[in-house]
Structures are given as structure tokens and as C-alpha cells.
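Subject: Structure handover

Hello,

Here is the structure I promised you. Please open it alongside this email, and my notes follow below.

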Amino acid sequence: ELAREFSKRINAAYYPLMCPVLVKQMKVKKVLLEEPWIRDALHRTESLDAAFVGISSNAPEASALVRAGFLSLQEARELQEAGAVGHICGYSYDASGNLLDQPVNHRIIGINFDKFLAIPQRVGAACGIQKAEAVLSALRGKHLTTLITDEAIAEYLVGI
């Protein structure tokens, strides 16, 4: 709904990706990627001028993937133990912004992370101090060209 409304306001097209962001099994991902509407939506990501993404913490109690039911608390803890501090488009990265070579990152249905990084304008949005480390790490990794955030995160970033 947000993407639709935003695209209407800036006179841009949007194409929803109607599938889970993360699946439990690679065979499910392979089957879903064969669906024409999913394949077409993902193909459109190759010509994006801008991307607007949320930034989430990988802390199990703050993870958007846990809240949405894509990851269990145990899976989130294991990711955190592997060094994950945040995720963008479902992809988990470490404190330096490096994408982690974890099974969960291979089960994402969405834009390929390298293709995401090739988009000229990558706008990240995050609010809440619990996301501060995830935001900092995304900036360290040069995942974003623009950040939209709140006062708490901004003060945290300025204080570093």
C-alpha cells in the first residue's frame, strides 16, 4: 500500500512482488521463481533508477523477519551469532556491512543484492534506536545513498 501510494504521488510506476520474501526450502524458491508474475517483477529490478528499502535489526526481538513469521526466534539467534546485525531486502549483513554467506540469504525471493547495490539511488529508512547498529553497518557497507531516519538514530550516528 505504501509503495502504491508513494509511486502515485511521485508519478512513478511500481510493481508488487506477490510472494514471501523468505522461504524455508530452496526447492520452494526455485518453484516460485518459475512463476511468470514473479519472474517478470524481478526482471524489472534490473532497470530501477531508485529503490526505497527498510533497514531492520537482526536482533531477534527487533527483527522484521521474525515479526512477519519468516524466521523463528532460534533462526534469528543463530544469524545473530553468525555476526548478522541488520538486513535489507531480507539479506543479512555483518557490522562492516558485508553480506553473510548464510543459508537464509540464499532463500530470499527478491532483488539480487549485487543488483540492488547497482541501483543509482538507494534510499534506506529506519527509525528506533534498536536499529542504530543495523543502519551504521548499512552505511559502512555503502548499501545506501540516502538515509531517512529519526532523531535517536541520527544522534547515535553523529556521536560515533
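**Salt bridges**

Glu1 and Arg4 form a salt bridge, and their closest N and O atoms are 2.3 Å apart. Keep in mind that this is a predicted model. Glu1 counts as exposed, at 69% relative accessibility. Arg4 counts as partly exposed, at 30%.

In general, side chains of opposite charge can pair when their charged atoms come close. How many salt bridges does a search of the whole structure find? The total is 6.

Another of them joins the side chains of Glu5 and Lys8, at 3.5 Å from N to O. These two residues are 3 apart in helix H1, so about one helical turn separates them. Glu5 is partly exposed, with a relative accessible area of 27%. Lys8 is exposed, at 52%.

Then look at Lys24 and Glu75. They form a salt bridge too, with the closest N and O atoms 2.9 Å apart. Lys24 lies in the loop between H1 and helix H2 (26-33), while Glu75 is in helix H5 (residues 73-81), so this pair ties together parts that are 51 residues apart in sequence. Lys24 counts as partly exposed, at 48% relative accessibility. Glu75 is also partly exposed, with a relative accessible area of 23%.

Now the strands. In what order do they stand in the open sheet? The order is S3-S2-S1-S4-S5, which makes 5 strands with mixed pairing. Strand S3 (91-93) and strand S5 (146-149) are at the edges. Each has a single partner strand, so one side of each is left without a neighbour in the sheet. On average, neighbouring strands are turned by 30° against each other, direction ignored.

- Strand S1 (residues 50-57) pairs with strand S4 (residues 121-126) in the parallel sense, over 5 bridges. Phe52 has Val123 in S4 as its bridge partner. Gly54 stands opposite Ala125, also in S4.
- S1 and S2 run antiparallel and are joined by 3 bridges. Ser56 has His87 in S2 as its bridge partner.
- S4 and S5 pair in the parallel sense, over 4 bridges. Ala126 stands opposite Thr149 in S5.

Helix H8 (residues 132-140) lies across the strands S1, S2 (86-88), S3, S4 and S5. The helix runs at about 135° to S1.

**Two loop residues to look at**

Cys89 sits in the loop between S2 and S3. Its relative accessibility is 26%, so Cys89 counts as partly exposed.

Lys142 also has a positive phi, of about 60°, and is not a glycine either. Lys142 is placed in the loop between H8 and S5. Lys142 is exposed, with a relative accessible area of 61%.

**A nonpolar patch on the surface**

Phe6, Ile10 and Phe52 form a nonpolar patch on the surface. Together they have about 300 Å² of accessible area. Phe6 lies in helix H1 (residues 2-9). At 36% relative accessibility, Phe6 counts as partly exposed. Phe52 is the residue whose bridge partner in S4 is Val123.

**A buried leucine**

Last, Leu42. You will find this residue in helix H3 (residues 36-44). Is Leu42 buried or exposed? Leu42 counts as buried, with a relative accessibility of 16%; the cut-off for buried is under 20%. Leaving out residues up to four places away in sequence, Leu42 touches Leu17, Leu33, Gly110 and Ile111. His87, the bridge partner of Ser56, is 45 residues from Leu42 along the chain. The C-alpha atoms of Leu42 and His87 are separated by 19 Å.

Best wishes

How values were computed: Residues are numbered from 1 along each chain as its sequence is written. This is a predicted model: local features need pLDDT of at least 70, side-chain atom pairs count only at pLDDT 80 or more; totals for chains, interfaces and linings use all residues. Side-chain values use heavy atoms; hydrogens and water are left out. Two strands pair if DSSP finds at least two bridges between them. Axes are lines fitted to C-alpha atoms, for helices over the stretch in contact, and angles run from 0 to 180 degrees between N-to-C directions. Contact means heavy atoms within 4.5 Å. Buried means under 20% relative accessible area, exposed over 50%, partly exposed in between (1.4 Å probe, protein chains only). Patches are made of residues with over 30% relative accessible area and no salt bridge: like charges are joined within 9 Å, nonpolar side chains (Val, Leu, Ile, Met, Phe, Trp, Tyr) within 5 Å. Accessible areas come from the Shrake-Rupley method with a 1.4 Å probe; for residues, only the protein chains shown count as cover. A salt bridge is a side-chain nitrogen of Lys or Arg within 4 Å of a carboxyl oxygen of Asp or Glu.
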